Amino acid sequence: MPHAPRFSRNTLWALLLVAALVALPAAVPRYWIYFAGLLGINIIAVHGLNIMTGYTGLLSLGHAAFVGVGAYTVALAQSRLGLPFYLAIPLAGLAAAVMGVGFGLPSLRIRGLYLVIATLAAQFILNFVFVHWQSVTNGDAGLTVQPAMVFGYPLNNETRAYYLILACDVAFTLFAVNVIRSRVGRAFVAVRERDRTAEVLGVRIVWYKFVAFALGSFYAGVAGGLLAYFNQFVNPEQFGLLLSVFFLSAVIVGGMGSILGAIMGAVFMTLLPEILRGGALSIGGTFGFDLSSILVPLRETVFGLLIVGFLILEPRGLAQLWKRARYALHRPPNPDARSGGAS
Amino acid sequence: MNPFVAFAEYSAVGIAGGGIYALIALGTVVIFKSSQTFNFAMGEMMMLSAYFFYTAAVTFALGPLLGLILALVGSVAVALLIERFALRPMMGRPFIAVVMVTFGIGSILRGIVGMVWGPADLQIPAILARTPVIIGGMFIPGKTARAFAIAVVIVCALIGFLRYSRAGVALRAAAADQITAYSMGIDVRRVVAFSWVIAAITGCISGVLMANVNSLNPSLGLVALNVLSVIILGGMNSIGGVLVAGLLIGWLESVTGWWFGTEFREITPYVLALLILLVRPTGLFGSAQVERI
């Protein structure tokens, strides 16, 4: 048997993709780059939720609030402590992880619904803090954030911020892939599938739930920190329940427990509101209605439909559809030929 | 005002408000008992019912009584559709997947309401009199007091029904042991559908009451999320527990709002929920079904 090639085909494709993404700003208009940046941030947040919900089976309805914790941490670390971005972003992740664990810890020891409720409580309580802790968060008005400085260059436009986000995306995706491949990742899946059995086999379930929750919240915090630099402002409105639903839909639509799925879900869900807006406006324009007022509820409806539809019909999401499509394309032309000519 | 009188008054108002929580929680617990599913769409079902009522009573000018009947019919129909087409295919799937489905349904209903009726406050016909009720010098707003009275009547009727009717016994049997219930010839699927009907009824009535006491807008459904803490406090599978817990949390919300400022009302249930999770996850009256790992 020949040696396996040093780079698998998948690695090759991934490298090509990254190269294409590096070249992207040269090829497309600025508005697209803005979207690409937003998408990159969403991908990190969705990776986080996917580690919790997809791999470990811990449903979180408060992911948006943890993203918010990251964003506020960056804003405050910059304005109060003067920290540069390479310290502020990890700090944002840590702050979110600490918050996540703080809210999640009591219910991580119990099975069932309790964690869901704890995360929902986190969503509302943290949002309440963002709005009402005026002296720190400046309430509804929010805080402004100066662009990140990299080697003396301010990342003050979409393209520059895009490269920072792209670098983080590559790093965090690789990290997620490797964690999932490791002992820890297998423990996550074991906890999700058969927690009792896992315990009997020596997997410390509570510890691994804890790790998954901390790691997922860390990702959320990093995404929030990047978002603060990207938008250059932070306010409570950004981190509402709808955003948590958004992340959950992305994980489900993409495919729970799949890294590729998290990316596909984030892409799909980031583009979806734009498609809906375009669709509604053009349909409205054709028939002479003004449909712009129903865009937000329309989005809610479609998010919900996607969650329900995918859970019922294709719980493994777009990633599975993609796999199937690829298999259909690469299917050996004549299956009998491989079976040694038994026919 | 004398602080003791103020305290008593806020307490009374809070407990009266808690009656509606108890009613909503009852619907949620019935579903939980029959199918071990937590229905996150309860609030949205409730809100949708209130909009049905508005449409029948105001838009089609059919009056409050016919409006209420049509709203009940509409909500039951919606609940049955949800159960049949979203929940039944999920039977036997992991718990969190089912919970996510109900959450998604909530999102769908919220969106539909937003698209059809818009974000504005709507005025529904007053079915509750405004004249305040005065008990021993305490002044309770008329609508709140009457809504409480109605909630108590409905809750009592439902509990009696669940205790003595055939359907109620079947429901309790299915809740106690699904497999045994099956083997004794109880059609568990029908029991589950029936529990959704009960939830739709309690949701509809509490929705209409809620829209009467406050006003009708798409955030009405969020109230039901407060009910989460009612359910945790009461114990996930205890009907009596959630009734007491409903009143308790209504009281606590009102008193917190009075003491710390109104804005703290909205997070009281969540803070309480976290505390309960920390101290006593079975709730006050729930059976020790909590599985520690």
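Me: Which residues in H5(A) meet residues in H11(B), and what makes them count as meeting?

Reply: The model is predicted: local features require pLDDT of at least 70, side-chain atom pairs count only at pLDDT 80 or more, and totals for chains, interfaces and linings use all residues. Residues are numbered from 1 along each chain as its sequence is written, while chains are lettered from A and ligands numbered from 1 in the order in which they are written. On the H5(A) side the residues are A:Tyr114, A:Ile117, A:Ala118, A:Ala121, A:Phe124 and A:Ile125. They meet B:Tyr270, B:Val271, B:Ala273, B:Leu274 and B:Leu277 in H11(B). Two residues are in contact if their C-beta atoms, placed from the backbone, lie within 7 Å. Helices are DSSP runs of H or I with at least four residues, strands are runs of E with at least two, and both are numbered from the N terminus.

Me: What makes the class composition of the contact of H5(A) with H11(B) nonpolar, polar or charged?

Reply: The contact has 11 nonpolar, no polar and no charged residues. Ala, Val, Leu, Ile, Met, Phe, Trp, Tyr, Cys and Pro count as nonpolar, Asp, Glu, Lys and Arg as charged, and the others, Gly among them, as polar.

Me: How are the axes of H5(A) and H11(B) placed relative to each other, and is their crossing left-handed or right-handed?

Reply: The axes of H5(A), residues 114–132, and H11(B) come within 9 Å and cross at roughly 145 degrees. Axes are lines fitted to C-alpha atoms, for helices over the stretch in contact, and angles run from 0 to 180 degrees between N-to-C directions. The crossing is left-handed; that term applies if the near helix is turned anticlockwise from the far one by less than a right angle, and right-handed applies if clockwise.

Me: Which helices of chain B each supply at least two residues of the side that touches chain A?

Reply: In total, 37 residues of chain B are in contact with 40 residues of chain A. Helix H4 (95–117), helix H9 (223–234) and helix H11 (268–279) of chain B each supply at least two residues of that side. H4(B) gives the largest share, 16 residues. By class, the side of chain B that touches chain A has 28 nonpolar, 4 polar and 5 charged residues.

Me: Why is H2(B) called largely enclosed, and how do you know that its span agrees with expectation?

Reply: A residue is buried if 20 or more other C-beta atoms lie within 10 Å of its own, exposed if 12 or fewer, and partly exposed in between, with C-beta atoms placed from the backbone. In H2(B), 15 of the 18 residues are buried, so the helix is largely enclosed by the rest of the structure. The expected span of a helix is 1.5 Å times one less than its number of residues. For H2(B), residues 42–59, this should be 26 Å, and the end C-alpha atoms are 25 Å apart, which agrees. B:Ala61, with a positive phi near 50 degrees, follows H2(B).

Me: What do the corresponding values show for H10(A)?

Reply: H10(A), residues 205–231, reaches 38 Å from its first C-alpha to its last, close to the expected 39 Å. Of its 27 residues, 21 are buried, so H10(A) is also largely enclosed by the rest of the structure. Just after H10(A), A:Gln232 takes a positive phi of about 60 degrees.

Me: Why is A:Asn138 called partly exposed?

Reply: A:Asn138 has 17 C-beta neighbours inside 10 Å and therefore counts as partly exposed. A:Asn138 lies in the loop between helix H6 (134–137) and E1 of chain A, and has a positive phi of about 60 degrees although it is not a glycine.

Me: Why is chain A called as compact as a globular protein of its length?

Reply: Chain A comprises 14 helices and 4 strands. Its radius of gyration is 21 Å, close to the 20 Å that the globule rule gives for 343 residues, so chain A is as compact as a globular protein of that length. The radius is taken over C-alpha atoms, and the rule is 2.2 Å times the number of residues to the power 0.38. Buried residues make up 45% of chain A.

Me: How do you know that the description also holds for chain B?

Reply: Chain B has 11 helices and 2 strands. Its radius of gyration is 19 Å, close to the 19 Å given by the globule rule for 293 residues, so chain B is as compact as a globular protein of that length. Buried residues make up 52% of chain B.
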